[in-house]
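The model is shown first.

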Amino acid sequence: MPTIEKVSVALTAEQIAALRAAVDAGEYATTSEVVREAIRDWQLKRQLQQDDIMRLRQLWQDGLDSGSAGEVDFVQLRKDARARLAAAKKVGQVAL
């Protein structure tokens, strides 16, 4: 087990009550366990966000490396999009 170090954290009364309620309900043995689990969850979420950022950066670079898509006719693009939207509305795929 890693070395345990005590730190001081300021929490609101509502947060303290929630910690104590979890302990009182038997979900955790101590409030410290609740906080450690919350930090583990935060660490996992943070890592997932970092992974997503790295993936998006790679996709962006892949797009740049793939070269130009050529000229885009935005007038035609809008017409095509409107036609697809109208067709989807007819079959009930789009609710507005």
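How much space lies in the largest pocket?

## Largest pocket

The space in the largest pocket is about 770 Å³. A pocket is an open set of points on a 1 Å grid over the protein atoms alone, where a 1.4 Å probe fits, with protein on both sides within 12 Å along at least five of seven lines. The volume is the space filled by probe spheres set on the points, which are joined across faces, edges and corners.

The lining consists of 20 residues, and Val7, Ser32, Val35, Arg36 and Ile39 are those nearest the centre of the pocket. Lining residues have an atom within 4 Å of a point. Two or more lining residues come from each of helix 1 and helix 2 (31-65). Helix 2 provides the largest share, with 9 residues. Sorted by class, the lining holds 10 nonpolar, 5 polar and 5 charged residues; Ala, Val, Leu, Ile, Met, Phe, Trp, Tyr, Cys and Pro count as nonpolar, Asp, Glu, Lys and Arg as charged, and the others, Gly among them, as polar.

## Basis of the model

The model is predicted: local features need pLDDT of at least 70 and side-chain atom pairs pLDDT 80 or more, while totals for chains, interfaces and linings use all residues. Residues are numbered from 1 along each chain as its sequence is written, and side-chain values use heavy atoms, with hydrogens and water left out.

Val7 belongs to the segment before helix 1 (13-24); helices are DSSP runs (H or I, at least four residues), numbered from the N terminus. Val7 counts as exposed because its relative accessibility is 65% (exposed is over 50%, buried under 20%, partly exposed in between, with a 1.4 Å probe and protein chains only).

Together with Val9 and Leu11, Val7 makes a nonpolar surface patch of about 280 Å². Patch residues have over 30% relative accessible area and no salt bridge, and nonpolar side chains (Val, Leu, Ile, Met, Phe, Trp, Tyr) are joined within 5 Å. A salt bridge is a side-chain nitrogen of Lys or Arg within 4 Å of a carboxyl oxygen of Asp or Glu. Areas come from the Shrake-Rupley method with a 1.4 Å probe.

## Partly exposed residues and separations

Ala38 is in helix 2 and is partly exposed at 43%. Its C-alpha atom is 17 Å from that of Ala13, 25 residues away along the chain. Asp51 is also in helix 2, with a relative accessible area of 36%. The C-alpha atoms of Asp51 and Gly67 are 25 Å apart, at a sequence separation of 16 residues.

Val72 lies in the loop between helix 2 and helix 3 (74-90) and is partly exposed at 45%. Val72 and Ile4 are 68 residues apart in sequence and 59 Å apart from C-alpha to C-alpha.

Technical notes. Patch = residues over 30% accessible without salt bridge, like charges linked within 9 Å, V, L, I, M, F, W, Y side chains within 5 Å.
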